[in-house]
Amino acid sequence: MQYVIPSWDLPSLAVEGEAGRFPVRRIYCVGRNYAEHAREMGNDPDREPPFFFLKPADSLAANGAKIPYPPATANLHHEVELVAAIGKDGAEIAPEAARDHIYGYAVGLDLTRRDLQQISKDRRWPWDTGKSFDSGAPCGDLAPAARIGHPETGAIVLDVEGERRQSGDLADMIWSVPEIVGHLSRLFTLRAGDLIYTGTPAGVGPVLPGQRLDAAIEGVGTLSVSVGDSA
Ligand code: MN
C-alpha cells in the first residue's frame with residue numbers, strides 16, 4: 001500500500017506464551033457495571049441495560065509504560081477493569097455463544113479525565129474528551145482463554161503507590177462478559193481484534209503526576225504503569 005503521508009504501526013498487545021501479538025481494532029468500554037461504583041458516582045445501580053463508549057485503538061499503553069499526565073485536566077482518575085479480547089467476528093451473538101468469540105483476557109485501566117467527563121455529563125455532551133485521550137487505555141499482556149479459561153470470579157484490585165484503592169470481585173459485575181458481548185454485538189458487528197473494557201469496581205479516585213499504578217485480576221494477570229509529569 002502506498003500512502004501520501006507516513007503510516008503508523010497497528011496498535012497491538014503482547015500475548016503471554018506467544019511470539020505473535022494481538023492486533024487491536026476498536027476499544028469498547030462499558031459504563032457502570034459494578035453496583036458499588038454506580039452508587040459512588042451518584043447513580044442508581046438498578047439493572048438498566050449496559051451502555052457503551054469507545055476509545056481509539058491508539059490510546060493503548062502497554063504494561064510497564066510511563067504515560068504522560070494528560071493535558072487539560074486536574075483530576076485524572078484510575079478505573080481498573082477486566083478486558084475481553086474478541087478473536088472471532090460476530091453480530092447478534094447469543095450470550096451462550098459469546099465465549100466462542102473471546103480470544104483472551106487482560107487487566108486494563110480506563111483512565112478518565114473526571115473533570116472533563118463531569119462537564120460532559122452536566123452539559124449532555126459526548127464523553128470523548130473525558131475518556132478518549134492519548135494513553136487513556138493502558139492494557140496488560142493478553143492471557144489466552146485457551147490457557148486461563150473464562151474468568152467469572154476473582155479479585156480485581158488496584159494500588160496507587162502501594163496503597164490499595166480499588167478492590168472488587170468479577171462476580172459482582174452487573175452484566176457478565178457473555179451478556180455484555182450479547183448487548184454490544186446487537187449494536188455493532190464485533191470483529192477479531194476488538195477489545196471490551198468491562199467496567200470498574202468501586203474506589204475510583206485521582207492519580208497524581210509521578211505516581212505508580214499496580215493493577216491485578218486473580219487468574220488473569222497484572223498491569224503496572226507510572227504517570228509522568230504534567231504535559
Ligand atoms: Mn470504566
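View 1. Leu 76 stands opposite Arg 113, a residue of β10. The model shown here is predicted, with local features requiring pLDDT of at least 70 and side-chain atom pairs counting only at pLDDT 80 or more, while totals for chains, interfaces and linings use all residues. Residues are numbered from 1 along each chain as its sequence is written, and side-chain values use heavy atoms, with hydrogens and water left out. β7 and β10 run antiparallel and are joined by 2 bridges; two strands pair if DSSP finds at least two bridges between them. Strands here are DSSP runs (E, at least two residues) and helices are runs of H or I with at least four, numbered from the N terminus. The open sheet has 3 strands in the order β10-β7-β16, with antiparallel pairing. Its edge strands, β10 and β16 (205-206), each pair on one side only.

View 2. Glu 79 (OE), Glu 81 (OE) and Asp 110 (OD) coordinate the manganese ion at 2.0 to 2.1 Å. Donors are N, O and S atoms within 2.8 Å of the metal (3.2 Å for Na, K and Ca), and the site may look incomplete because water is not among the atoms. Along the chain, the donors of the manganese ion follow the spacing E-x1-E-x28-D. Glu 79 lies in the loop between β7 (76-78) and β8 (80-86), and Asp 110, 31 residues apart from it, in the loop between β9 (102-109) and β10 (112-113). Buried means under 20% relative accessible area, exposed over 50%, and partly exposed in between (1.4 Å probe, protein chains only).

**View 3. Strand β13 between two partners.** In β13 (residues 155-160), 5 of the 6 residues are buried. Strand β14 (residues 163-169) runs antiparallel to β13, joined by 6 bridges, and Ile 156 stands opposite Gly 168 there. The two strands β13 and β14 form a hairpin with 2 residues between them, where Glu 161 in the turn has a positive phi of about 50°. Strand β17 (residues 212-217) pairs with β13 in the antiparallel sense over 5 bridges, with Asp 214 as the bridge partner of Asp 159.

**View 4. Ser 120 and its surroundings.** Ser 120 sits in helix α2 (residues 114-123) and counts as buried at 2% relative accessibility. Leaving aside neighbours within four places in sequence, Ser 120 is in contact (heavy atoms within 4.5 Å) with Trp 125, Pro 126, Trp 127 and Thr 129.
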